[in-house]
Amino acid sequence: VSAFGPDRVRRAIVAGYDAPPVGRHDGRTPTDLGLEALDGALGVAGLEIADVQGLYLVPEGYSRSQAPLRPQRVAERLGLPTRACVEVENGGASALLAFKAACQDVALGHLDVAAVIGAQVERRLYAGGIDGGDLDRILLMNSVYGAYLAPYGVIGALPAYALAAQRYLHDHALAPEDVAELAVRLRAAAAHNPRAEHREPITVDDVLASRLVYPPIHKLEAAPWSDGAAAVIVMSEEAARRRGAGGAVLTGWGERHDDGNFIPWGKSLTRYPWIGEATDEALARAGRTRDDLDVLEIYGAFAPAELMTYEAMGMFGPGEAAAAVKRGETARINPSGGRLSLGHPPQATPLLMLGEVLEQLTGRCGVRQIDGAQVGLVQAEHGMMNGTAIAVLEAWS
Amino acid sequence: VSTPLRPPSPRKHLDRVLDANAREFYDRLERGELATTRCAACGRTDFPPRERCARCGGSTEWVDLPRHGTVESFTSQERGLRFTAPAVLGLVRLGDVVLPGIVEAPLEDVSVGQAVTVELRREDELGLTLLHFQPTPGS
């Protein structure tokens with residue numbers, strides 16, 4: 001800390017958030033969409049572009065070739081000199097780790113107002129056909145899966161999740177309809193979220209009748225590959241007070257990265273102890289217990305993975321999450337509709353989750369508001385649950 | 001540009017992730033050997049192979065793996081660069097470690113715990129020898 005100067009560590013306040021509806025945004029760039037979110041988030045915090053002292057971004061999208069050095073291009077477009085211009089990448093957790101970087105700079109007194117932005121527009125990735133550059137990108141995506149999976153042609157995380165899911169159903173003798181129930185519940189929650197991509201009610205039969213994309217995962221148990229963007233404003237407590245901003249304060253952080261790249265080679269495919277350790281760490285720092293949490297946004301890109309995450313976080317015993325969902329014991333989890341129904345632009349997803357928790361803690365969720373929500377948690381992951389970052393946030397004014 | 005652009009080689013990006021341990025693993029497969037590393041000090045076997053033991057930091061040596069194992073889990077690849085539908089992607093336990101490969105059976109005939117036997121097959125396009133798993137007859 002002394003390297004940053006003599007100031008004491010300061011608390012980081014999440015003072016603003018916005019996101020355009022998740023879904024399809026043909027013809028817009030990730031920067032277009034991300035800056036639309038930034039404008040809205042600044043409005044919520046009562047700030048203007050010129051107040052932003054640091055930009056914390058993630059790379060644009062995953063699959064499409066993108067021009068590098070994005071932070072400085074964004075600064076140029078905004079005409080905004082900054083004290084920090086940062087890009088953070090670690091798969092699906094990237095945007096939450098960019099948020100962490102912003103909170104660290106605020107906490108260490110490097111700056112008072114930071115903007116965290118994530119955006120992705122690649123829904124219609126190959127709509128114009130595949131050219132040589134696209135093929136190069138596909139081969140690059142394949143190589144992400146490493147020396148031992150890539151030769152078998154894996155080009156997405158879904159097969160790894162499916163391998164874990166198959167074992168999960170087997171070990172706990174779960175029926176397909178047990179898992180499908182979660183997709184139905186998330187869809188029902190999304191009905192009240194104007195940002196959600198999928199809001200039409202579905203039934204267990206609909207889920208089981210949908211395409212079996214990677215057995216045992218059905219299409220309606222998989223998050224859509226969405227276009228979307230989100231921006232979050234982080235301020236020092238002192239600056240937030242001075243500017244009259246409200247919001248939520250970061251009170252806990254937990255983070256663990258296991259050594260696997262998609263497959264936890266030789267370890268359990270259904271239990272993820274590092275997610276439990278990160279949960280314990282975040283709650284201990286916040287001085288909170290699982291029972292204190294009024295609202296949680298959990299990553300869950302696929303229904304079986306979401307159930308395994310509930311269990312890994314210590315909320316239910318191994319194999320017990322599906323029954324708990326059916327009993328209605330998970331209403332405080334993913335009120336946004338989760339990844340399955342809110343939609344999933346991975347580069348923005350952790351900020352959409354953070355935003356849902358912020359809006360719950362500040363009473364802005366309308367019909368889907370959880371009454372009196374004071375304490376919230378956001379859990380992001382990368383790889384196939386190979387690593388996780390967890391933030392605890394509490395209402396602040 | 002006066003000469004037509006060549007399409008990228010299927011190995012282009014893969015070559016960049018085939019580190020020294022992976023090259024040794026695939027070189028051995030090419031010679032018909034299925035092996036990974038074991039710690040000379042504590043005896044732990046690792047997959048993927050490593051130059052240092054992940055448990056005790058000891059130096060490792062290459063050891064042959066059994067050719068018979070059991071299915072840890074499986075799925076079927078709807079889309080992939082190679083082995084498109086209905087290829088079954090499996091994780092198979094061989095002794096102390098788990099390796100990936102293609103299970104040579106229709107999806108509906110594959111189950112967790114099923115006994116399988118390793119078969120090595122060269123993929124000329126990739127220039128690599130890969131693992132396939134045949135259900136063990138009579139099991």
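Leaving aside neighbours within four places in sequence, A:R187 is in contact (heavy atoms within 4.5 Å) with A:H198, A:R199, A:E200, A:P201, A:I202, A:L220 and A:S341. The model is a predicted one, in which local features need pLDDT of at least 70 and side-chain atom pairs count only at pLDDT 80 or more, while totals for chains, interfaces and linings use all residues. Residues are numbered from 1 along each chain as its sequence is written, chains are lettered from A and ligands numbered from 1 in the order in which they are written, and side-chain values use heavy atoms, with hydrogens and water left out.

A:R187 is found in helix α7 (residues 176-190) of chain A; helices (H or I, at least four residues) and strands (E, at least two) are DSSP runs, numbered from the N terminus. The residue is buried yet has no salt bridge, and A:D206, the nearest side chain of opposite charge, is 7.4 Å away. Here, buried means under 20% relative accessible area, exposed over 50%, and partly exposed in between (1.4 Å probe, protein chains only). A salt bridge requires a side-chain nitrogen of Lys or Arg within 4 Å of a carboxyl oxygen of Asp or Glu. For the assignment of charge, Lys and Arg count as positive and Asp and Glu as negative, whereas His and the chain ends are not counted.

Two further buried residues of chain A were examined. A:T279 is found in helix α10 (residues 273-286) and is buried, with a relative accessible area of 1%. Apart from neighbours within four places in sequence, A:T279 is in contact with A:R290, A:M313 and A:I390. A:Y299 lies in the loop between β9 (295-298) and α11 (303-312) of chain A, and its relative accessible area of 3% makes it buried. When residues up to four places away in sequence are not counted, A:Y299 touches A:G92, A:R339, A:H344, A:P346, A:T349, A:M353, A:Q379, A:A380 and A:E381. With one of these, A:H344, the side chain of A:Y299 forms a polar contact of 3.4 Å. A polar contact is a pair of N or O atoms within 3.5 Å; within protein, one must be able to donate a hydrogen and the other to accept it, and residues adjacent in sequence count only if both atoms are side-chain atoms. The C-alpha atoms of A:Y299 and A:I130, 169 residues apart along the chain, are separated by 31 Å.

Backbone geometry was also considered. A:A173, in the loop between α6 and α7 of chain A, has a positive phi of about 45° although it is not a glycine; at 70% relative accessibility, this residue counts as exposed. A:M385, in the loop between β10 (375-382) and β11 (387-396) of chain A, is likewise a residue other than glycine with a positive phi, near 60°. A:M385 is buried, with a relative accessible area of 0%. The peptide bond from A:P215 to A:P216 is cis, with omega near 5°, and A:P216 lies in the loop between β5 and β6 (217-218) of chain A. In chain B, the peptide bond from B:F47 to B:P48 is cis, with omega near 0°; B:P48 is found in the loop between β2 (45-46) and β3 (60-64).

Chain B has 2 helices and 8 strands, which follow the pattern α-α-β-β-β-β-β-β-β-β along the sequence. Its C-alpha atoms fill a box of roughly 60 × 40 × 25 Å, taken along the principal axes. Of the 139 residues of chain B, 45% count as buried. Among contacts in this chain between residues at least 6 apart in sequence, 48% join residues at least 24 apart.

The contact between the chains takes 33 residues from chain A and 43 residues from chain B. The area buried between them is about 3,300 Å², of which carbon and sulfur atoms give 65%; buried area is the accessible area (1.4 Å probe) that two parts lose on being put together, summed over both. A:Y148, A:Y152 and A:W265 supply 25% of the area that chain A buries against chain B, more than any other three residues. Between the two chains there are 2 salt bridges, and the side chains of A:D259 and B:R50 meet in a salt bridge (3.6 Å, N to O).
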